[in-house]
Amino acid sequence: MSFAQRTVSCGHVRLSHAGEAVTLNGWAHKVRDLGGLFFVDLRDRTGLVQLILDPEKFPQHSEIRPETCLSVTGSVRERAPETKNALMATGEIEVVVESYQVLNPCKTLPFPVSDEAQMQSVNEELRVKHRYLDLRRPSMARKMAIRAAAVRRIRAYLDAREFYEIETPIFTKSTPEGARDYLVPYRLQPGQFYALPQSPQQYKQLLMVAGLERYYQIAKCFRDEAQRSDRQPEFTQLDLEMSFVTQEDVLQLAEGLTLDVVNGLIDEFELEKEKISSFTRLTYDESMRRYGCDKPDLRFGLELFDLTEIVRNSEFGVFRSVAEEGGVIRGVRFPGGAQLSRKDISDLENFCKEYGAKGMATFQVDAEPKPDHQGAITAQGWAVRSPIAKFFSTEQLEKILQTAEVEAGDMICLIAGNYAEGNNILYRLRNEIGQRCGLRDPKKLAFCYVLDFPLVEWDADSQRWSPSHHPFTAPKHEDLQYLESDPGRIRAECYDIVCNGTEWASGSIRIHRPDIQAKVFDLLGIDAATQQSRFGHILEAFQFGAPPHGGIAPGIDRLIMFLTDEENIREVIAFPKMGSGYDPMMDAPSQIDPQQWAELGLRLS
């Protein structure tokens with residue numbers, strides 16, 4: 001089928017084209033029939049331009065329905081002053097149509113592509129089922145453009161630093177650790193299976209053994225795990241590895257890359273984001289103590305505080321018994337929380353109970369006593385309202401308020417119990433308070449490094465040590481002495497990048513000596529036979545002059561989420577799966593026919 005090909009893109013027509021004949025290809029975004037005039041907003045991936053058709057010249061114009069695919073030829077003219085649209089890049093001009101061709105009509109749409117407001121109420125599964133239509137929406141197309149630009153900038157940055165882009169296999173070996181593998185049956189030997197890679201971890205380490213020194217890949221990864229708003233069964237990450245580097249080398253490269261890419265995208269797409277200048281650095285222990293988690297949102301303060309020693313000898317039995325049993329009493333400040341009602345506080349306490357809290361104690365602080373005040377008065381005349389205030393001396397209350405850095409009008413929320421369990425509650429409570437108080441500013445991107453993770457954690461269910469990240473992470477040299485005597489004390493040469501409370505990247509310096517790798521496998525309860533069957537290839541490779549090496553793997557999908565303020569990863573992936581891993585567009589996964597079962601040597605029990 002022949003058609004008139006575009007001479008200019010829709011979004012690029014400008015006043016400088018006035019008087020010229022142009023040919024445009026695209027889709028009818030909006031159609032408006034005003035009787036004497038027929039308007040069409042024609043759209044391609046660059047933007048929109050307004051067309052005007054004379055109904056007398058084109059009596060068949062009603063065939064142009066929303067999303068009809070068109071080729072249009074016409075002349076560009078300046079709009080009348082009162083009709084110019086400053087919100088459109090092409091708002092100073094319009095195209096008077098001289099001829100058009102319907103390249104393909106469009107049947108009734110399952111949802112209104114041109115109306116972003118109405119799309120808020122459209123069922124998400126319906127959008128994913130017709131993703132080819134959903135992606136026509138300018139807001140979705142913009143996310144795809146930002147994503148493509150991000151990858152382009154990543155490549156440019158790493159290419160300029162002499163990295164090789166190398167593809168690693170998708171069909172690989174199942175080495176279960178962490179999430180479940182997706183398995184692919186091997187037809188030629190029934191009972192044998194490939195696995196889809198959870199990451200290219202072992203391959204990139206083998207590339208370092210191979211002497212290639214600097215590798216990266218825009219890598220597809222696959223994990224069969226429970227789905228969340230920031231997870232998909234298949235996702236994309238930047239995977240990179242370097243030889244003869246220290247942890248500091250990797251940190252500086254990753255930070256420089258992030259600043260270059262993020263700030264470049266903010267400029268290129270005029271994103272409503274503040275540019276970033278540097279990363280904050282926190283140790284794992286420091287992050288847990290100050291924010292209750294290893295993925296802190298640093299867009300706001302409200303650091304956690306510890307009152308254990310202050311209240312240890314108070315008359316409040318709950319706090320006293322928790323302290324005596326080795327627990328802690330910690331809290332977080334709620335700015336303006338003195339205005340909360342009893343119901344508001346009860347709702348906040350129930351929020352904490354959802355994550356395991358037995359209860360939540362509060363102190364509301366007023367600048368001066370209210371008429372119905374019941375509580376304590378501090379030395380500066382502030383009134384402390386709390387059902388438990390009577391159990392504390394004035395001196396204790398003064399120290400509590402000082403430690404919490406309270407201002408008049410605030411409230412402090414306290415959780416008593418086990419340190420780890422309390423952290424799980426308090427970091428969520430802190431984020432909830434930050435959200436309610438409007439402190440989680442969407443314009444800010446607060447990146448930080450979290451360093452010095454523990455190498456291993458004790459798994460009470462299996463009664464064995466498990467890796468905090470993965471079994472190839474190197475222990476800190478000075479902590480190797482604890483490998484057998486006190487494994488929980490060992491810190492890892494490991495680092496995460498966190499942005500606005502979400503983990504974005506994880507990396508480490510790797511183990512490159514086979515003797516240390518074997519000892520770590522032993523610590524994790526992986527016996528010699530299993531080490532050989534699962535990891536024999538990499539253990540053998542380490543015996544051939546493997547260099548010191550390390551790397552990191554930031555998520556591409558999550559980066560676009562940060563930049564576009566999306567909370568669901570499906571919004572930044574062209575063809576995502578639904579929460580269960582189901583693809584309604586392809587109707588996958590699906591059944592296979594009996595012949596395929598037989599060819600694979602499989603049967604469903």
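Reader: Which strands does helix H12 lie across?
Author: Helix H12, residues 419-436, lies across E13 and E17 and runs at about 5° to E13. Helices (H or I, at least four residues) and strands (E, at least two) are DSSP runs, numbered from the N terminus. Axes are lines fitted to C-alpha atoms, for helices over the stretch in contact, and angles run from 0 to 180 degrees between N-to-C directions. This is a predicted model, in which local features need pLDDT of at least 70 and side-chain atom pairs count only at pLDDT 80 or more, while totals for chains, interfaces and linings use all residues. Residues are numbered from 1 along each chain as its sequence is written, and side-chain values use heavy atoms, with hydrogens and water left out.

Reader: How many bridges join E13 to E17?
Author: Seven bridges join strand E13 (residues 328-334) to strand E17 (residues 411-417), and the two run antiparallel. Val332 has Cys413 in E17 as its bridge partner.

Reader: What is the strand order in that sheet?
Author: The order is E12-E13-E17-E14-E16-E15, in an open sheet of six strands with antiparallel pairing. Two strands pair if DSSP finds at least two bridges between them. Strand E12 (305-306) and strand E15 (375-377) are the edge strands, each pairing on one side only.

Reader: Back to H12, please. Where do H7 and H12 stand relative to each other?
Author: The axes of helix H7 (residues 284-291) and H12 come within 8 Å and cross at roughly 65°. Met288, Arg289 and Tyr291 of H7 make the contact (heavy atoms within 4.5 Å) with Tyr419, Asn423, Tyr427 and Arg430 of H12.

Reader: What kinds of residue are in the contact of H7 with H12?
Author: They divide into four nonpolar, one polar and two charged. Here Ala, Val, Leu, Ile, Met, Phe, Trp, Tyr, Cys and Pro count as nonpolar, Asp, Glu, Lys and Arg as charged, and the others, Gly among them, as polar.

Reader: Now the other sheet. How many strands form the open sheet with mixed pairing?
Author: Eight strands form it, in the order E6-E9-E10-E23-E22-E21-E18-E11. Its edge strands are strand E6 (164-165) and strand E11 (280-283).

Reader: Which strands are joined to E18?
Author: E11 runs parallel to E18 and is joined to it by four bridges, with Thr280 opposite Cys448. Strand E21 (residues 494-499) runs antiparallel to E18, with five bridges, and Cys499 in E21 is the bridge partner of Phe447.

Reader: What volume does the largest cavity have?
Author: The largest cavity has a volume of about 60 Å³. On a 1 Å grid over the protein atoms alone, a cavity is a set of points where a 1.4 Å probe fits but cannot get out, and lining residues have an atom within 4 Å of a point. Grid points are joined across faces, edges and corners, and a volume is the space filled by probe spheres set on the points.

Reader: And which helix gives the most to the lining of the largest cavity?
Author: H6 gives the most, with four residues. The lining includes Ile154, Leu238, Trp504 and Pro554, and its residues divide into nine nonpolar, two polar and no charged.

Terms used: 1 Å grid on protein atoms, 1.4 Å probe; cavity = no way out; pocket = protein on both sides within 12 Å on 5 of 7 lines; lining within 4 Å.
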